[in-house]
Amino acid sequence: MVVFKRPHALADMTMHYCPGCTHGIVHRLVAEVMDELGIEGNTVGIAPVGCSVMAYNYFNCDMVEAAHGRAPAVATGIKRANPDSIVFTYQGDGDLASIGMAETVHAAARNENITVIFINNAIYGMTGGQMAPTSLPGQVTQTSPYGRDTAHCGYPVKVSEMLSQLEGPQYIERVAVTSVAGIRKAKKAILKAFQNQIDGKGFSLVEVISTCPTNWGMTPEKAMQWANENMLPYYPLGVYRDRDAAAKEDAQV
């Protein structure tokens, strides 16, 4: 009996990510969902600019590389031109919440029938560890060596909370991959986000609290602990928008 194996949708190759990076976990979850839904041959993924810029090497579905931050716009074009395709973006916090914020907000506002996987590790990874839109107050980065000063730099952007205020989105949930239980919940959220698209329900975003041991200057184990102790209180996990659940509640009233 096979207990554990590589998902077919996940390419059989060595990834470039740093030791302890949680991108690999999320890649596997996305691939497992594609396998379980049987959509690999009909899926188009959009790779961002950032640590996961080479995500096109790691998934066996069709992949497109987008300019920095433009993945939701590229996904919108592909989905509208090929409405039967399953289209997802895979983006970090610098790509999605900084240069790509406008594309993200307006894709959500239009309720585009796409799936967005948003990796929030509170730092710019690929470019050397600068302060990101999601870096925590007081967090030390290459460009905030004394800690993020909110009086000077403002406060972190809480993407899930912000997008949940729009009328458009179908489903928004924040999960974490810093524990086994969290990974299981993350997979359920990703599965739901893809199923929503298959069912034609519209825009779904899963925000994944992740780690960056290299740029945080920590061991992988310490990075997991730091995320649990510092990121989760500031970025509470949970469902921030679910039209299906809201409709059921209204029906019961």
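Asp95 touches Pro48, Val49, His68, Gly69 and Gly100, leaving aside residues up to four places away in sequence; contact here means heavy atoms within 4.5 Å. The model is a predicted one, in which local features need pLDDT of at least 70, side-chain atom pairs count only at pLDDT 80 or more, and totals for chains, interfaces and linings use all residues. Residues are numbered from 1 along each chain as its sequence is written, and side-chain values use heavy atoms, with hydrogens and water left out.

Asp95 belongs to helix 3, residues 93-99. Helices are DSSP runs (H or I, at least four residues), numbered from the N terminus. Asp95 is buried but has no salt bridge, and Arg70, the nearest side chain of opposite charge, is 8.0 Å away. Buried means under 20% relative accessible area and exposed over 50% (1.4 Å probe, protein chains only). A salt bridge is a side-chain nitrogen of Lys or Arg within 4 Å of a carboxyl oxygen of Asp or Glu. The side chain of Asp95 does reach two backbone nitrogens.

| Side chain | Backbone nitrogen | Distance |
|---|---|---|
| Asp95 | Val49 | 3.3 Å |
| Asp95 | Gly69 | 2.8 Å |

Helix 7 covers residues 180-198 and spans 27 Å from its first C-alpha to its last. Its buried residues include Ala186, Ile190 and Phe194. Seen down the axis of helix 7, the buried residues fall within an arc of 150 degrees, so they line one face of the helix; the arc is that of the directions from the helix axis to the C-beta atoms. On the other side of helix 7, Val180, Arg184, Lys185 and Lys188 are exposed. Gly200, with a positive phi near 75 degrees, follows helix 7.

Key
Helix = DSSP H or I, 4+ residues; strand = E, 2+ residues; numbered from the N terminus. Lys, Arg positive; Asp, Glu negative; His and termini not counted. Polar contact = N/O pair within 3.5 Å; in protein donor to acceptor, adjacent residues only side chain to side chain. Expected span 1.5 Å × (residues − 1).
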